[in-house]
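Here is a short briefing for a reader new to this structure. Look at the sequence and the model first, then read on.

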Amino acid sequence: MTLRVVHWGTGNVGRHALAGLLADPRFDLVGVHVSGPGKAGRDAADLAGVAPPSGVRATTDPAHVLDLRPDCVVYTAMTDNRLLEALADLRMLLGAGIDVVASAPVFLQYPWEVLPADLLGPVEAAAAEGNASLFVNGIDPGFANDLLPLALTGTCRSVEQVRCLEIVDYSTYDNRAVMFDIMGFGGPMTRTPLLLQPGVLSLAWGSVVRQLAAGLGIELDAVTEEYERLPAPETFDIASGTIAAGTAAALRFEVRGMVGDRAVTVLEHVTRLRADLAPDWPQPARAGGSYRVEITGEPHYTLDLAMFSDHGDHNHASLVGTAMRLVNAIPAVVAAPAGIRTTLDLPLVTRPGPGAAG
């Protein structure tokens, strides 16, 4: 059965998801929602950077999306600096009976005991009212720290700790709002950016450590966080702008799921803007960046996931992976019961191979 789909948001992740939808016979793209008037009226294929034209024109009108009555919306709008607006978008779609796969807000990957009840409750109520399902995922938070580690634990006799790492050079990630305003790169070391305000790391990645704990049948006593930063040794440029000497240029943080005084599930990020920074911090398995799963138990495991592409670098590849995790999950999410769905709920999601039935 071909599913009617609307795509919402055509930024770094969205344009790859849109290209995936256009190329997949399982889906009938019936609409595209954009936020900027400069994109309104443009063909979906043009926005995705593919050919030929699709005949589907972008709109800035949310009511038009509802009028199309799609089976599913792929929601990849920017949410880091508009969380309340994004939650309102999701409530509107779910309440109208439309299933949603989304790249954010990331805390909805597994929101229980992460998101305050006054924010989570209305989303769950909208899903129940519309008999609709919501799946938020990607690569991180996403398959690099839910699907992969949980699959590995299924081959263990015992598990003492699951640690998931992102070890990535962000110098080619072109999003100034995220890099400078939210993560604080290029800013004074004395200034605490939004991401590092107390509790924000646990809000953004608490879903990861709590979902891992749920998958292992563990009840956490607490979630803790810590970070460290290093300054740029001299001035240099990245895709998003200039990093002045002495400003923030490397960041390492951990979000830990605790049982007593033991960290049993850990999310760790090592973010550099140049490969030679912080040489004593964990290094990627492949130049540019990788994801790593470390399981302490019987047996121990280290799994390295390296991203690369014929069409771009590691950051490009991870954006494509994020997008396609959502697109390929659409049939399973549409078939799922109403409510917020997680990797723990869905069947194994795969990409049909050449010659597979649509």
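The end C-alpha atoms of residues 144–349 lie 14 Å apart. This span is 26% helix and 34% strand, where helices (H or I, at least four residues) and strands (E, at least two) are DSSP runs numbered from the N terminus. The model is predicted: local features need pLDDT of at least 70, side-chain atom pairs count only at pLDDT 80 or more, and totals for chains, interfaces and linings use all residues. Residues are numbered from 1 along each chain as its sequence is written, and side-chain values use heavy atoms, leaving out hydrogens and water.

**Annotation**
- An unreviewed UniProt entry annotates residues 144–349 as "domain: 2,4-diaminopentanoate dehydrogenase C-terminal".
- Such annotations may be inferred rather than shown by experiment.

**Nonpolar cores**
- A nonpolar core is a set of buried Ala, Val, Leu, Ile, Met, Phe, Trp, Tyr and Cys residues joined through side-chain atoms within 4.5 Å.
- The largest has 72 residues, and Val32, Met179, Leu195, Trp205, Ile243 and Ile330 touch the most other members.
- Helix α9 (residues 314–335) gives the most to this core, with 9 residues.
- A second, separate core of 28 residues includes Leu68, Val100, Phe107 and Leu134.

**Helix α1**
- Buried residues (under 20% relative accessible area, 1.4 Å probe, protein chains only) in α1 (residues 14–23) include Gly14, His16 and Leu18.
- The buried residues of α1 pack against β1, β2, α2, β4 and α9.

**Thr343**
- Thr343 lies in the segment after β15 (339–341).
- Thr343 counts as buried because its relative accessibility is 14%.
- Its contacts (heavy atoms within 4.5 Å) include Phe135, Asp146 and Arg325, not counting residues up to four places away in sequence.

Key:
Buried < 20%, exposed > 50% of the residue type's maximum accessible area, 1.4 Å probe, protein only.
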